[in-house]
Amino acid sequence: QVQLQESGPGLVKPSQTLSLTCTVSGGSITTNYAWSWIRQTPGKGLEWMGVIGYDGSTRYSPSLKSRTSISRDTSKNQFSLQLRSVTPEDTAVYYCSRWERVSPTWWGFMDYWGKGTLVTVSS
């Protein structure tokens, strides 16, 4: 059974880079599906941030594209999120998920999620 787990610092200072890693077990990130980052705040709710495909291709939310990078370490079956120049508005619970891509234009469900990790941006 597929499991995802987020890890990384829970506190980041303003202007620095938020960095999180998602460790995937029970399935290879290079074989199928896409692997996504989502965050949740009281003000904005759930916000999709970006995704990396099993082929390594990436796509990002237009509102975050300039600050966001998603990468992967295939030897560890992990993918990571970097969010640069953070502010307190970036304080949120961050989730990683598996996202089915039925076709290039047909995205399915996010069927597996990590439990989420709270990241606070504060000095």
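Analyst: Happy to. Let's begin with asparagine 77, which sits in the loop between strand 7 (68–73) and strand 8. Keep in mind that this is a predicted model.

User: What is the phi of asparagine 77 near?

Analyst: Phi there is near 55 degrees, a positive value in a residue other than glycine. For background, most residues other than glycine have a negative phi.

User: And is asparagine 77 buried or exposed?

Analyst: Asparagine 77 counts as buried, because its relative accessibility is 15% and the cut-off for buried is under 20%.

User: Which other non-glycine residue has a positive phi?

Analyst: Serine 15 is one, with a phi of about 80 degrees. You'll find serine 15 in the loop between strand 2 (11–12) and strand 3 (18–25). Serine 15 has 60% relative accessibility, so it counts as exposed.

User: Back to strand 8 for a moment. Where is serine 80, and what does it touch?

Analyst: Serine 80 is in strand 8, which covers residues 78–83. Leaving out residues up to four places away in sequence, serine 80 touches Leu20, Thr21, Trp37, Ser69, Ile70 and Ser71. With 18% relative accessibility, serine 80 counts as buried.

User: Let's switch to cysteine 96. Which strand is it in, and is it buried or exposed?

Analyst: Cysteine 96 belongs to strand 9. Cysteine 96 is buried, with a relative accessible area of 0%.

User: Which residues does cysteine 96 touch?

Analyst: Not counting residues up to four places away in sequence, the contacts of cysteine 96 include Cys22, Ser36, Trp37, Phe79 and Trp113. Leu4, Gln5 and Glu6 are also among them. As for glycine 116, 20 residues along the chain from cysteine 96, the two C-alpha atoms are separated by 7.3 Å.

User: I keep seeing aromatics. How many aromatic pairs are there?

Analyst: The whole structure has five aromatic pairs. One of them is tryptophan 48 with tryptophan 99, an edge-to-face pair with 5.9 Å centre to centre and 70 degrees between the planes. This pair links distant parts of the chain: tryptophan 48 is in strand 5 (residues 45–53) and tryptophan 99 in strand 9 (residues 92–103), 51 residues apart.

User: Are those two tryptophans buried, exposed or partly exposed?

Analyst: Tryptophan 48 counts as partly exposed, because its relative accessibility is 27%. Tryptophan 99 has 15%, so it counts as buried.

User: Which rings are linked into a cluster?

Analyst: Trp35, Trp37 and Phe79 are, through ring pairs.

User: Nice. Now zoom out: how many helices and strands are there?

Analyst: The protein chain has zero helices and eleven strands.

User: Why would I call the chain compact?

Analyst: Because the numbers agree: a compact globule of 123 residues would have a radius of gyration near 14 Å, and this chain has 14 Å. The C-alpha trace spans about 40 × 30 × 20 Å along its principal axes. Residues 24 or more positions apart make up 53% of the contacts with a separation of 6 or more.

User: Last one: what about the surface and the charges?

Analyst: The accessible surface is about 6,800 Å², and 49% of that belongs to carbon and sulfur atoms. Of the 123 residues, 39% count as buried. There are 12 positive and 8 negative charges, and their mean positions are 5 Å apart.

Definitions and conventions: Residues are numbered from 1 along each chain as its sequence is written. This is a predicted model: local features need pLDDT of at least 70, side-chain atom pairs count only at pLDDT 80 or more; totals for chains, interfaces and linings use all residues. Side-chain values use heavy atoms; hydrogens and water are left out. Helices (H or I, at least four residues) and strands (E, at least two) are DSSP runs, numbered from the N terminus. The radius of gyration is taken over C-alpha atoms; the globule rule is 2.2 Å times the number of residues to the power 0.38. Buried means under 20% relative accessible area, exposed over 50%, partly exposed in between (1.4 Å probe, protein chains only). Contact means heavy atoms within 4.5 Å. Accessible areas come from the Shrake-Rupley method with a 1.4 Å probe; for residues, only the protein chains shown count as cover. Lys and Arg count as positive and Asp and Glu as negative; His and the chain ends are not counted. The place of a charge is taken as NZ of Lys, CZ of Arg, CG of Asp or CD of Glu. Rings of Phe, Tyr and Trp (its six-membered ring) pair if their centres lie within 6.5 Å; planes under 30 degrees apart count as stacked, over 60 as edge-to-face and the rest as tilted.
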